[in-house]
Amino acid sequence: MRLSGAFSISLMRQVCHARRMDTNARATTATQDTLTRLREELKGTLCERMGMDVLSLTASEAHLSMPIAPNRQPHGLLHGGATIALAETAISLAAQLHAESLHGEGAAAVGTSFSATHHAPAREGFVHVTAHAQHLGRTHASYLAEIRREDGTLVSTVLGTARLFPPRKEISAR
């Protein structure tokens, strides 16, 4: 099974703490060692090809960056699809961390709905996304992602929802 944003369940287990937590306590955070392992696991994925970098990650907030140059459309502007891929990756990572904190190791988060609005162009340098949790429930998590240029100009906003699944039970062979 593959998660949206090209993340596998096994990758996300490394990113997440496998402990239950109350949904009001949103303190589950990826450690520096986990972020280092995550960056290694991103090799060979869409995230690596697009130059995405995970800067920080919690169940309620994710920060990533991405260079503009390799992700331009023919007119020299940051491609809208690249912007959405960056936001979806941030949302999926945070939602996966939330799913693991609620349901334990083996839980999954799968993106189900994304809506983007593009506000301003980006031509050079980097863009940064911050995905903030709007709702962290037991079955769904919703985030609002803001993509900004290095000067702080808002490029795009993306509202995304992920469905959370508890670990799958193994069916024994008879």
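Me: In what order do the six strands of the open sheet run?
Reply: The order is S3-S4-S6-S7-S8-S5, with antiparallel pairing. Keep in mind that this is a predicted model.

Me: Which strands stand at the edges?
Reply: Strand S3 (53–57) and strand S5 (108–118) do. Each has a single partner strand, so one side of each is left without a neighbour in the sheet.

Me: How many degrees are neighbouring strands turned against each other on average?
Reply: The average is 20°, with direction ignored.

Me: What holds strands of a sheet together in general?
Reply: Strands pair through backbone hydrogen bonds, either parallel or antiparallel.

Me: OK, S7 and S8. How many bridges do they pair over?
Reply: Nine, in the antiparallel sense, between S7 (residues 140–149) and S8 (residues 154–165). His-140 has Arg-163 in S8 as its bridge partner, and Glu-146 is bridged to Thr-157 in S8.

Me: And how many residues sit between S7 and S8 in the hairpin?
Reply: Four residues lie between the two strands of that hairpin. Gly-152, in the turn, has a positive phi of about 95°.

Me: What does S5 do with S8?
Reply: S5 and S8 pair in the antiparallel sense over 10 bridges. Val-110 stands opposite Arg-163 in S8, and Arg-163 is also the bridge partner of His-140.

Me: While we're on S5, is Ala-108 buried or exposed?
Reply: Ala-108, which lies in strand S5, has a relative accessible area of 4%. The cut-off for buried is under 20%, so Ala-108 counts as buried.

Me: How far is Ala-108 from Arg-168?
Reply: Their C-alpha atoms are separated by 9.0 Å, although the two residues are 60 apart along the chain.

Me: Stepping back, how many helices and strands does the protein have?
Reply: Four helices and eight strands. Along the sequence the pattern reads β-β-α-α-α-β-β-α-β-β-β-β.

Me: What share of the residues counts as buried?
Reply: 47% of the 174 residues. The accessible surface comes to about 8700 Å², and carbon and sulfur atoms account for 50% of that.

Me: Which residues touch the most other members of the largest nonpolar core?
Reply: Leu-57 and Val-127, in a core of 42 residues. Elements giving two or more residues to this core include helix H2 (32–41), helix H3 (46–50), strand S4 (61–67) and strand S6 (126–136), as well as S3, S7 and S8. Helix H4 (80–103) is also among them, and H4 gives the most, with 12 residues.

Me: What about His-128, where is that?
Reply: His-128 is in strand S6. At a relative accessible area of 32%, His-128 is partly exposed.

Me: Which residues is His-128 in contact with?
Reply: Leaving aside neighbours within four places in sequence, the contacts of His-128 are Leu-55, Leu-64, Ser-65, Glu-146, Ile-147, Arg-148 and Glu-150. Glu-146 is the residue bridged to Thr-157 in S8.

Me: Change of topic. Where is Asn-71, and what is it touching?
Reply: Asn-71 sits in the loop between S4 and H4. Not counting residues up to four places away in sequence, Asn-71 touches Met-50, Met-66, Leu-77, Leu-78, His-79 and Ala-82.

Me: Is Asn-71 buried or exposed?
Reply: Asn-71 is buried, with a relative accessible area of 7%.

Me: And Arg-49, buried or exposed?
Reply: Arg-49, in helix H3, counts as exposed at 58% relative accessibility. The C-alpha atoms of Arg-49 and Asn-71 are separated by 9.4 Å, with the residues 22 apart along the chain.

Me: What share of contacts joins residues at least 24 apart?
Reply: 63%, among contacts between residues at least 6 apart in sequence.

Me: Last one: what pLDDT does the protein average?
Reply: The average is 83, and 80% of the residues score at least 70. Over residues 1–27 the pLDDT is below 50. Beyond near neighbours in sequence, that stretch has 74 contacts in the model.

Key. Residues are numbered from 1 along each chain as its sequence is written. This is a predicted model: local features need pLDDT of at least 70, side-chain atom pairs count only at pLDDT 80 or more; totals for chains, interfaces and linings use all residues. Side-chain values use heavy atoms; hydrogens and water are left out. Two strands pair if DSSP finds at least two bridges between them. Axes are lines fitted to C-alpha atoms, for helices over the stretch in contact, and angles run from 0 to 180 degrees between N-to-C directions. Buried means under 20% relative accessible area, exposed over 50%, partly exposed in between (1.4 Å probe, protein chains only). A nonpolar core is a set of buried Ala, Val, Leu, Ile, Met, Phe, Trp, Tyr and Cys residues joined through side-chain atoms within 4.5 Å. pLDDT is the predictor's confidence in each residue, from 0 to 100. Contact means heavy atoms within 4.5 Å. Accessible areas come from the Shrake-Rupley method with a 1.4 Å probe; for residues, only the protein chains shown count as cover.
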